[in-house]
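Okay, thanks for making time, everyone.

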Amino acid sequence: MRKLKYILLFLCCAFFSVKAGLKHPLHVSTTEVSFNAKDKTLELSCKIFSDDFEAILAKLYKQKTDLSNPNMKSVMDALVKKYLLTHLQLKANGKAVAINYIGFEIDHEATNIYLEVEKVAALKSIEVNDSILYDMFDDQMSIIHVVKGNNRKSTKILYPEKKFTANF
């Protein structure tokens, strides 16, 4: 828990550095997976620094990127979906599941991406395979939270590690 507090402190410093016009010193993304027992779904959200995310999208897909431009929303949706579905995979109860892309929104200097997995009747274990921004930075850190009811499991994984497994 103490490490998580330090990570959150670093994230806050990084956000304020970006706001002040400085490049952020950390390359970090956050992924949260929440089990919705009522709807029998996994609700996913990812938070990525927008400048890093635009840079990797432009590099990989060889086209202009601007996540905040409303005129490019449909093109950006396609790129964000393609990237996330390639760099984030889940296994629920030992079986690979299909992730549905919902959309994204800009929140200050970060991009929030929303995804969902349908038809998950119960959740006993989950494996998250996260390689977001690994093809851009060799110091990338991924913070992963998995929530089932009042039970929350969190970790950080550092490049080149990609997997986190939580059992309930």
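So, in what sense do strand 5 and strand 6 pair, and over how many bridges? They pair in the antiparallel sense, over 7 bridges. Pairing here needs at least two DSSP bridges between two strands, and the elements are DSSP runs numbered from the N terminus: H or I of at least four residues for helices, E of at least two for strands.

Quick housekeeping. This is a predicted model, with local features taken at pLDDT of at least 70 and side-chain atom pairs only at pLDDT 80 or more, while totals for chains, interfaces and linings use all residues. Residues are numbered from 1 along each chain as its sequence is written, and side-chain values use heavy atoms, with hydrogens and water left out.

Back to that hairpin. There are 2 residues between the strands, and His108 has a positive phi near 60°. Within the pair, Glu105 sits opposite Asn112 of strand 6.

Let's take helix 2 (residues 50-61). Its buried residues are Ser50, Asp52, Phe53, Ile56, Leu57 and Tyr61, where buried is under 20% relative accessible area with a 1.4 Å probe, protein chains only. They cover an arc of only 160° around the axis, so they're on the same side of helix 2; the arc is that of the directions from the helix axis to the C-beta atoms. They pack against strand 2 (41-49), helix 3 (73-87), strand 5 (100-107) and strand 6 (110-117). Just after helix 2, Lys62 takes a positive phi of about 50°.

Helix 3 next. Met76, Leu79, Val80, Tyr83, Leu84 and His87 are buried there. Their arc is only 120°, which puts them on the same side of helix 3. Among the elements covering them are strand 3 (88-92) and strand 7.

And the core? The largest nonpolar core has 39 residues, and Leu42, Phe53, Leu84 and Ile113 touch the most other members. Helix 3 gives the most to this core, with 5 residues. By nonpolar core I mean buried Ala, Val, Leu, Ile, Met, Phe, Trp, Tyr and Cys residues joined through side-chain atoms within 4.5 Å. Leaving out residues up to four places away in sequence, Ile113 touches a list including Cys46, Phe53, Val80, Leu84 and Tyr101.

Last stop, another pair. Strand 7 (residues 125-130) runs antiparallel to strand 10, joined by 5 bridges, with Ser125 opposite Asn167. Strand 10 (residues 163-167) has Phe164 and Ala166 on its covered face, and Lys163, Thr165 and Asn167 on the uncovered one.

Note on methods: Buried < 20%, exposed > 50% of the residue type's maximum accessible area, 1.4 Å probe, protein only. Contact = heavy atoms within 4.5 Å.
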